[in-house]
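Thank you all for making time this morning.

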Amino acid sequence: MKERPILFSGPMVRAILEGRKTQTRRIINPQPKNRRGGRWMYCYESTNKKDEGSFSYSWPDKNGNCCADRGWESQITYRCPYGQVGDRLWVREAWAVHPETGSLLYRADDDALENIRWKPSIYLPRKHSRILLEMTSIKVERLQAISREDALAEGTDSDPAAADPIGSFAKYWDYINGVESWETNPWVWVVGFRKVEA
């Protein structure tokens, strides 16, 4: 089991703490070429142990054989940068040290505090992380393939009876990743997780 850091915005930190967020989607880099009939394959077992646990993108050629994304000689394997099922993710979030008391503050708890200089989440040290997640699933899909249930698991809508959780997620995705990034419909890592109690 390995531990890796992962960044979350304030609203998503609150959703995790409230138990509403159990999934996250992250863009795959580099994106595979868009080929008709292409599909993702997961490597469970291989003679090359380094390939195990990775994904590859392939499509059938005119003879029905599977061809790798960049050709047989230069096949690219896609390894999820967040790890494998069972690995853990420690959350990085915006934080500060109280100027008078020296206590640790988290922006997700109260970003309206005055005279606080918030530090970006990227600078949160491991020892100050208060949230530990265990990866429970990982898959690859197009961003817009998200289901209603998965949109709710993303935590962007606090009401399970919301009329359009996919629309709420799409708006938040554009807010985080840039205007019209939803429309590009990239391939994404879909990471399921559960909060590990300290």
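Let me begin with a definition: two strands are said to pair if DSSP finds at least two bridges between them, and the strands themselves (E, at least two residues), like the helices (H or I, at least four residues), are DSSP runs numbered from the N terminus. What you see is a predicted model, in which local features need pLDDT of at least 70 and side-chain atom pairs count only at pLDDT 80 or more, while totals for chains, interfaces and linings use all residues. Residues are numbered from 1 along each chain as its sequence is written, and side-chain values use heavy atoms, with hydrogens and water left out.

The protein has three helices and ten strands, and from the N terminus on they follow each other as β-α-β-β-β-β-β-β-β-β-α-α-β. Of its 198 residues, 41% count as buried, where buried means under 20% relative accessible area, exposed means over 50%, and partly exposed lies in between, with a 1.4 Å probe and protein chains only. If we take contact to mean heavy atoms within 4.5 Å, then among contacts between residues at least 6 apart in sequence, 65% join residues at least 24 apart.

Let me turn to the sheet. Five strands form an open sheet in the order β1-β6-β9-β10-β2, with mixed pairing. Which strands stand at its edges? They are β1 (3-7) and β2 (23-27), and each has a single partner strand, so one side of each is left without a neighbour in the sheet. On average, neighbouring strands of this sheet are turned by 45° against each other, direction ignored; the axes behind that value are lines fitted to C-alpha atoms (for helices over the stretch in contact), with angles in general running from 0 to 180 degrees between N-to-C directions.

Please look next at β10, where eight of the ten residues are buried, so that this strand is largely enclosed by the rest of the structure. On one side, β2 and β10 run antiparallel and are joined by five bridges; here Gln23 stands opposite Gly192, and Thr24 stands opposite Val191. β9 also runs antiparallel to β10, and ten bridges join the two, with Ile138 standing opposite Val191.

Now to the interior. A nonpolar core, as I use the term, is a set of buried Ala, Val, Leu, Ile, Met, Phe, Trp, Tyr and Cys residues joined through side-chain atoms within 4.5 Å. The largest one has 25 residues, and those with the most contacts inside it are Phe8, Trp40, Leu133 and Trp189. The elements that give two or more residues to this core are α1 (10-17), β4 (55-60), β6 (88-92), β9 (132-142) and β10 (187-196). There is also a second, separate core of nine residues, which includes Leu143, Ala151, Trp182 and Val188.

Trp40 deserves a moment: leaving aside its neighbours within four places in sequence, the residues in contact with Trp40 include Ile28, Pro32, Phe55, Tyr78, Val140 and Trp187. Ring pairs link Trp40, Tyr78 and Trp187 into a cluster, and for such pairs the rings of Phe, Tyr and Trp (its six-membered ring) must have centres within 6.5 Å, with planes under 30 degrees apart counting as stacked, over 60 as edge-to-face and the rest as tilted.

How many aromatic pairs does this rule give? The count comes to seven. In one of these, the rings of Phe169 and Trp182 have their centres 6.1 Å apart and their planes at 80°, so the pair is edge-to-face. Phe169 lies in helix α3 (165-177) and Trp182 in the loop between α3 and β10, so the pair ties together parts that are 13 residues apart in sequence. Both Phe169 and Trp182 are buried.

Finally, some backbone details in the loops. The peptide bond from Asn29 to Pro30 is cis, with omega near -5°, and Pro30 is placed in the loop between β2 and β3 (39-42). Asn115, in the loop between β8 (104-106) and β9, has a positive phi of about 60° although it is not a glycine. Asn185, in the loop between α3 and β10, likewise has a positive phi, near 50°. Are these two asparagines buried or exposed? Asn115, at 72% relative accessibility, counts as exposed, whereas Asn185, at 18%, counts as buried.
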